[in-house]
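Visitor: I'd like a quick walk through this structure. Can we take it piece by piece?

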There are 2 protein chains.
Amino acid sequence: MAKGRKKTQSPRETRPRHPGLRSRTAAPRPKQKEPRRQDCPDRDCPDGPAPCLPPSTRQRLLEAAGHVFADCGLKDATVRDICTRADANIAAINYHFKGKESLYLHVVDYAHEQMSHGKPMVLDADAPAIQRLQQFIQAFIARVLDPNSPSWHARLMLREMVEPSAALDRLIENTIRPTFGILRGILLELNPDLDADGLRLCTISIIGQCLMHRHCEPVLARLFPCCERTPEELTRIAAHVYCFSTGGLAAIQECRAGAATSPSRRKGKGGRTR
Amino acid sequence: MAKGRKKTQSPRETRPRHPGLRSRTAAPRPKQKEPRRQDCPDRDCPDGPAPCLPPSTRQRLLEAAGHVFADCGLKDATVRDICTRADANIAAINYHFKGKESLYLHVVDYAHEQMSHGKPMVLDADAPAIQRLQQFIQAFIARVLDPNSPSWHARLMLREMVEPSAALDRLIENTIRPTFGILRGILLELNPDLDADGLRLCTISIIGQCLMHRHCEPVLARLFPCCERTPEELTRIAAHVYCFSTGGLAAIQECRAGAATSPSRRKGKGGRTR
DNA sequence: GAGTGTCTAAAACATTTGTTTGAATGTTTG
DNA sequence: CAAACATTCAAACAAATGTTTTAGACACTC
């Protein structure tokens, strides 16, 4: 079935690529002990932001691999599937990259590079904190639940968060830690007297609300089958998370303040919900 | 190399391996044209809560498979690994169950059965809603972040939530939907005028805060390396989620109430955070 | 004690999958 | 043009893995 990608080979393979005679000449290439592939053609653009001239095949491999890795994960993705989608030969991955694992790392970098060209998390750095919080939540929801399907970047990242691989560390430093840092700065400005624990837990509470919609999408789709992932729904989610979070932050602030004087006050606070 | 598990060798003699009479009573089946293995021995206890007398090997397979599936997922788990941990032969899985996939389904049921013997989500059904919310969050955090390592049940469930398989549907009906239902009931009692959307989003916000700590554990462990998963930490998390959520619920109630009159009121509400 | 049903051990089998290989083709360069 | 380099191709290879098979052990029944 992998024979699908026939169209590309227009030039050469119209001609019968002469069969046979494969291993028969044992010593065809005298010199060149190193397998030619040894010096990976991408050595000149390993991780730098350099332009990294994109030969068509290499680019297609990255893009196809992004989709497949995002859908299946590093382990379950098959190089055959990737190559099929990229209209490339099986050997292309081992030629352009060093192998599947290395391709994965390149895809992670590629995804980060692409995402960094997107909208920033906070549009207006000078706005008051409460407004930047709203912007952050909106941007985060949009990035994570991006309605347009080719958003494999976010899916790849989220998969990596749940099932880490060798790429997690660079992903954290590249993307996740800065994102948490932005939110942390906003929260600290909102509640200057929050201690480290409170800051951490509030950050997690806000991010967690957003990620739930992504991580548990299969479950939520079954529990609430009526709710498509429409743009309106995303707006509704963002508005809800913002509102819920501002209330939560206020409660945390009061809890913390009250905890010093009387631990029982928290119960009273909760009661105000009714 | 997979021959590693040699110790298994003397299985029968070390363990007195039970004398007998396991399903012998099953004498009911006189004939048996089918290859003996064909009719899986578990046909008499497929999914019912029946006692399902547990022959040592079968039980060990279920337990080992639970761990391995929880760690690796259905796809990446290998029957060889499971059998090694269960001190069983490779063929045992195909004998006792029909194969890997079927074993997985049995493990999911087994996990649900075990969890249902655990603490209920709400200890005191007659308590006021706000108190039941606290109980729910505590129980949920405990169940999801259970500190004692043999908590493969929760890990298996969470894995299934992120990467669904054929078992997701029964998992949803068995466990997830009832859990959401309990929380929904509590929230509805707290905010009787919440509409369906608000109810759904608040439920997701609360569950999402809790699940974040599990789903993103690898990331959080790197971002906040100081925070072990100690019992005290779990208590802290539960208290935080409860406090944050009560505040969030209150804010949502006010937002909803205000939205009908003036949409701009929300901004004012958020402002009170400072 | 032979027979039967239940269970396990070890090897074999079939399939999938990442990687390698040897050659052909295309492009550039002297 | 010829040599060198870069890229692609089809086939083969090697390892992992789910499943099946065959043989045998054990406990109980008749």
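**Helices, loops and the chain contact**

Guide: Helix H6 of chain B, residues 129-144, has 16 residues and reaches 22 Å from its first C-alpha to its last, close to the 22 Å expected at 1.5 Å a residue. The expected span is 1.5 Å times one less than the number of residues. Helices are DSSP runs of H or I with at least four residues, strands are runs of E with at least two, and both are numbered from the N terminus.

Visitor: Before we go on, what kind of model is this, and what pLDDT do local features need?

Guide: This is a predicted model: local features need pLDDT of at least 70, side-chain atom pairs count only at pLDDT 80 or more, and totals for chains, interfaces and linings use all residues. Residues are numbered from 1 along each chain as its sequence is written, while chains are lettered from A and ligands numbered from 1 in the order in which they are written.

Visitor: Back to H6(B). Mostly covered or mostly open?

Guide: Mostly covered. Twelve of the 16 residues in H6(B) are buried. Buried means 20 or more other C-beta atoms within 10 Å of the residue's own, exposed means 12 or fewer, and partly exposed is in between, with C-beta atoms placed from the backbone.

Visitor: Which residues of H6(B) are buried?

Guide: Among them are B:Ile130, B:Leu133, B:Phe136, B:Ile137, B:Phe140, B:Ile141 and B:Val144. B:Arg132, B:Gln134, B:Gln135 and B:Gln138 are also on the list.

Visitor: How does H6(B) pack with H9(B)?

Guide: H6(B) and helix H9 of chain B, residues 196-215, pack at about 25 degrees, with their axes 10 Å apart. Axes are lines fitted to C-alpha atoms, for helices over the stretch in contact, and angles run from 0 to 180 degrees between N-to-C directions. H6(B) and H9(B) are therefore roughly parallel. Under 35 degrees counts as roughly parallel, over 145 as roughly antiparallel, 65 to 115 as roughly perpendicular, and the rest as oblique.

Visitor: Which residues meet there?

Guide: B:Ile137, B:Phe140, B:Ile141 and B:Val144 in H6(B) meet B:Ile206, B:Cys210, B:Leu211 and B:Arg214 in H9(B). Contact means C-beta atoms, placed from the backbone, within 7 Å. By class, this contact of H6(B) with H9(B) has seven nonpolar, no polar and one charged residue. Nonpolar covers Ala, Val, Leu, Ile, Met, Phe, Trp, Tyr, Cys and Pro; charged covers Asp, Glu, Lys and Arg; the others, Gly among them, are polar.

Visitor: Now chain A. At what angle do H6(A) and H8(A) pack?

Guide: About 150 degrees, with the axes of H6(A), residues 129-144, and H8(A), residues 168-190, 9 Å apart. The two are therefore roughly antiparallel. A:Ala129, A:Ile130, A:Arg132, A:Leu133 and A:Phe136 in H6(A) meet A:Ile182, A:Leu183, A:Ile186, A:Glu189 and A:Leu190 in H8(A). The residues of this contact divide into eight nonpolar, no polar and two charged.

Visitor: And H2(B) against H5(B), what's the angle?

Guide: H2(B), residues 56-76, packs with H5(B), residues 100-116, at about 105 degrees, their axes 10 Å apart. That makes H2(B) roughly perpendicular to H5(B).

Visitor: Zoom out. How many helices and strands in chain A?

Guide: Twelve helices and zero strands. Buried residues make up 35% of the 274 residues in chain A. Of the contacts in chain A with a separation of 6 or more, 65% are between residues 24 or more positions apart.

Visitor: How many residues does each chain put into the contact between A and B?

Guide: Chain A gives 53 residues and chain B gives 54. H11(A) supplies the largest share of the chain A side, 15 residues. By class, that side has 29 nonpolar, 13 polar and eleven charged residues.

Visitor: What about phi at A:Asp87?

Guide: Phi of A:Asp87 is positive, about 55 degrees, although the residue is not a glycine. A:Asp87 sits in the loop between H3 (79-85) and H4 (91-96) of chain A. A:Asp87 counts as partly exposed because it has 18 C-beta neighbours inside 10 Å. B:Asp87 also has a positive phi, near 55 degrees.

Visitor: Last one. What does B:Ala92 touch?

Guide: Not counting residues up to four places away in sequence, B:Ala92 touches B:Thr57, B:Leu61 and B:Cys83. B:Ala92 is found in H4(B), residues 91-96.

Conventions: Contact = placed C-beta atoms within 7 Å.
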